Amino acid sequence: MRVLLTGAYGQLGRSLLDRFPADWILLACGSAELDITNQAAVDRIVRRFQPQVIMNTAAYTAVDKAETDRIRAMKINAIGPENLARAARDNGAQLIHISTDYVFDGTKTTPYVESDAPCPVNFYGLSKWEGEKRVQAILPRAIIVRTSWMFSEHGNNFVKTMLRLAQTQQTFRVVNDQRGCPTYAGDLAQAMITLATDANAAGIYHYCGDKAVSWYEFALTIFNLFGNEYPELRSIEVCPISTAAFKQQACRPINSVMQSERTASQASCWDKALGMVMSA
Ligand SMILES: NC(=O)c1ccc[n+]([C@@H]2O[C@H](COP(=O)([O-])OP(=O)(O)OC[C@H]3O[C@@H](n4cnc5c(N)ncnc54)[C@H](OP(=O)(O)O)[C@@H]3O)[C@@H](O)[C@H]2O)c1
């Protein structure tokens, strides 16, 4: 299998690099090697490398900053994927593109499934939804995987932020009225590898961890688990607060719990995967 990976040095990109089958021929590009917003560069690399599958993990992921950095967020999250979809179509490749739970507004009281209508409440979500639509318009058989609350041993994520802050902070105020499904990036990477080999796979898939929690409950789980190894973490105090009391630039959906109505495949228990992050 010939695979072009974009955003190769982000959290998900690095989780994929750890897991690609040894006999796959891989062209891994960080933003320095391939800026997905540069249409000519995308066309040139795809034409020369002739991948069977393009995996796009490149994205503008700074949710709050996107509110004021709109042009850049839209370029990376919508025009970049559009460039990749066009190059994939023109060269007979499949595209696996990653999207987000933040395409939903969070007003549903049950988990979001693939057929639910997006209605983003922040600009990041809007730019990611625009990316989905542009990809589907050009390459209807593209695979779009929506995921949520990703963590891993790589990059910046909630787990690593909590542990870093715990070195200097004893008390944490963590939002307790937004719910979602933490997802281990290694599980998602494995699912993408499986999808890449499935000739019938197409369209939107939801892929996330198995148990829904609030950010507060997620933080408690992290400190309880890591407290076994690092006793100093047991004295950390985690205080639940409301979204209203935690001022952030971008709105967040209250409910971003997802489920798949298309496949039974789900990430492993995310709390078990936390152990892997700890031992890394
Ligand atoms: N993290 C989450 O909790 C979460 C939740 C739901 C969905 N997602 C989605 O999952 C995917 C992967 O997220 P992640 O956590 O791995 O993100 P990440 O760690 O922020 O990585 C994104 C990568 O994209 C690269 N990039 C940015 N602009 C680019 C450009 N113009 N051309 C090429 N590469 C560019 C960045 O490279 P530079 O650093 O060099 O700019 C970075 O390495 C994204 O589509 C994201 O929207 C993430």
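## Elements and model

Helices (H or I, at least four residues) and strands (E, at least two) are DSSP runs, numbered from the N terminus. The structure described here is a predicted model.

## Surroundings of the ligand

The ligand is surrounded by 23 residues. The closest of these residues are Leu12, Ser31, Thr61, Tyr124 and Lys128. By class, the shell around the ligand consists of eleven nonpolar, ten polar and two charged residues.

A polar backbone atom of Gln11 is 2.9 Å from an oxygen atom of the ligand, and a backbone N or O atom of Ala59 lies 3.2 Å from an oxygen atom of the ligand. For Thr61 the side chain takes part: one of its N or O atoms is 2.7 Å from an oxygen atom of the ligand. On its own the ligand has 900 Å² of accessible area, and the protein covers 79% of that area. Two or more residues of the shell come from each of α1 (11–17), β4 (94–100) and α4 (123–138). With three residues, β4 gives the most to this shell.

## The second largest pocket

The second largest pocket has a volume of about 290 Å³, and 15 residues line it. Nearest its centre lie Leu163, Arg164, Gln167, Phe226 and Tyr230. The lining is made up of nine nonpolar, two polar and four charged residues.

Two helices, α5 (158–165) and α8 (270–279), each supply at least two residues of the lining of this pocket. Helix α5 gives the most, with three residues.

Lys160 is found in helix α5. Its relative accessibility is 31%, so Lys160 counts as partly exposed. Although 117 residues separate Lys160 from Val277 in sequence, the two are 8.9 Å apart in space, C-alpha to C-alpha.

Arg252 has its place in the loop between β12 (237–241) and α8. Arg252 is buried because its relative accessible area is 15%, and buried means under 20%. A polar atom of the Arg252 side chain lies 3.0 Å from the backbone oxygen of Ala250.

Gly209 lies in another of the loops, between β10 (203–206) and β11 (213–214). Gly209 counts as buried because its relative accessibility is 0%. In sequence, Gly209 and Tyr184 are 25 residues apart; in space, the distance from C-alpha to C-alpha is 7.1 Å.

## Residues with positive phi

Most residues other than glycine have a negative phi. Gln50 has a phi near 50°, a positive value in a residue other than glycine. This residue, Gln50, is found in the loop between α2 (39–49) and β3 (53–56). Since its relative accessibility is 38%, Gln50 counts as partly exposed.

Trp149 also has a positive phi, near 45°, and is likewise a residue other than glycine. The place of Trp149 is in the loop between β5 (143–147) and β6 (150–151). Trp149 counts as buried because its relative accessibility is 8%. Gln50 is thus partly exposed, whereas Trp149 is buried.

How values were computed:
Residues are numbered from 1 along each chain as its sequence is written. This is a predicted model: local features need pLDDT of at least 70, side-chain atom pairs count only at pLDDT 80 or more; totals for chains, interfaces and linings use all residues. Side-chain values use heavy atoms; hydrogens and water are left out. On a 1 Å grid over the protein atoms alone, a cavity is a set of points where a 1.4 Å probe fits but cannot get out, and a pocket is an open set with protein on both sides within 12 Å along at least five of seven lines; lining residues have an atom within 4 Å of a point. Grid points are joined across faces, edges and corners, and a volume is the space filled by probe spheres set on the points. Ala, Val, Leu, Ile, Met, Phe, Trp, Tyr, Cys and Pro count as nonpolar, Asp, Glu, Lys and Arg as charged, and the others, Gly among them, as polar. A residue is near a molecule or strand if one of its heavy atoms lies within 4 Å of it. A polar contact is a pair of N or O atoms within 3.5 Å; within protein, one must be able to donate a hydrogen and the other to accept it, and residues adjacent in sequence count only if both atoms are side-chain atoms. Accessible areas come from the Shrake-Rupley method with a 1.4 Å probe; for residues, only the protein chains shown count as cover. Buried means under 20% relative accessible area, exposed over 50%, partly exposed in between (1.4 Å probe, protein chains only).
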